[in-house]
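Welcome to the tour. Open your viewer, switch to a cartoon view and keep the selection tool handy.

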Amino acid sequence: MSQLANGDRIHLVDQKKRQYGLTLKAGETYQFSGQKIAHDALIGRPDGSIVTLSGGKKMVALKPTFGDYVLKMPRGAQVLYPKDLAIIPMWADVYPGARVFEAGTGSGAMTMALLRAVGPSGLVVTYDVREDFSQTAQANITRVMNPANLRCFRKSAYESIDLLEDQVPFDRVVLDLPEPWQVIPHAVNALRSGGIYVSFVPTIPQVMQTVEALERATVFGMIETFETLLRTWSIQGRSVRPDHRMVAHSGFITVARKVEPGLLNPAPNKFESPVEEPETVSGEAEEEPER
């Protein structure tokens, strides 16, 4: 049975499903709207227990999911929504053992998603120019995991992407920056052949400049841009409807693959509508049946 332990980050959830985060520390007291509960009364309880505050308010004590944690953790920069944190590692195909470059670190949400994906045998290198952001991110990360395979640098990816001492190129480049097109020339050299580039930006003008830069680089193919929308539903007996609020547009994700030039690379600034060739089942034409 999973139990709440000293040093754990937990959430207290009220009847309206509102979540309140705290880190358990023996001897301390949590206060909520004039009511109190000792951390010692929480330590040792099973994960998911109902606890009662001094004024009689009941709450559920839970170890938060990763998605819950990133929405409640301290922020330096705006964090990505869980819907994007889930889909970016999938489209970037971040696998156990991968070597991933990330910029910028922000509050550390994307960094944690990448660390979870690469596992203990992988490596994440992250750049951010803001010292306060970097410190906030590292505190958020160490609160819930041991980032032994994380390398943090106070650098600008707009200026360069430096390989590590072993000079091994990165398998993936993941960017959450206002101007990712400035990083693409550096990504050309830092990313291995067959590697994947992913960037997240909130507006279409940023997407357009990013895609144009990928095309100019001549080594990126299979370029795609999309967004993710999340709509929850209310299910109450026979009353079934979409919730009135939804997490709609948050940003655009652009994905590209580094490949040998000549076949999959689009010509820059060409806006002709492509004519799709019909698919064939085999290399030989099918014979028309006899009548």
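Start by selecting α4 (residues 109-118) and α5 (residues 131-144): α4 passes α5 in a right-handed crossing. The term right-handed means that the near helix is turned clockwise from the far one by less than a right angle, and left-handed means anticlockwise. Helices here are DSSP runs of H or I with at least four residues, strands are runs of E with at least two, and both are numbered from the N terminus.

This is a predicted model, where local features need pLDDT of at least 70, side-chain atom pairs count only at pLDDT 80 or more, and totals for chains, interfaces and linings use all residues. Residues are numbered from 1 along each chain as its sequence is written, and side-chain values use heavy atoms, with hydrogens and water left out.

Back to the pair: the axes of α4 and α5 come within 9 Å and cross at roughly 40 degrees. Axes are lines fitted to C-alpha atoms, for helices over the stretch in contact, with angles from 0 to 180 degrees between N-to-C directions. α4 and α5 are therefore oblique to each other; under 35 degrees counts as roughly parallel, over 145 as roughly antiparallel, 65 to 115 as roughly perpendicular, and the rest as oblique. Now show side chains: T111, M112 and L115 of α4 meet N140, I141 and V144 of α5, where contact means heavy atoms within 4.5 Å. This contact of α4 with α5 has 4 nonpolar, 2 polar and no charged residues (nonpolar: Ala, Val, Leu, Ile, Met, Phe, Trp, Tyr, Cys and Pro; charged: Asp, Glu, Lys and Arg; polar: the others, Gly among them).

The axes of α3 and α4 come within 10 Å and cross at roughly 45 degrees, which makes α3 oblique to α4. The crossing of α3 and α4 is right-handed. Select L85, I88 and P89 of α3 together with A109, M110, A113 and A117 of α4 to see the contact. By class, the contact of α3 with α4 has 7 nonpolar, no polar and no charged residues.

Step along to the loop between β7 and α4, where G104 is found. A cis peptide bond joins A103 and G104, with omega at about -15 degrees.

(A pocket is an open set of points on a 1 Å grid over the protein atoms alone, where a 1.4 Å probe fits, with protein on both sides within 12 Å along at least five of seven lines; lining residues have an atom within 4 Å of a point.) The second largest pocket has a volume of about 560 Å³, and its lining has 18 nonpolar, 9 polar and 6 charged residues.

Which residues lie nearest the centre of the largest pocket? Select L71, L230, T232, R245 and V247.

Last stop: K17, in the loop between β1 (9-13) and β2 (19-23). K17 is not a glycine, yet has a positive phi of about 70 degrees.

Definitions and conventions:
Points joined across faces, edges and corners; volume = space filled by probe spheres on them.
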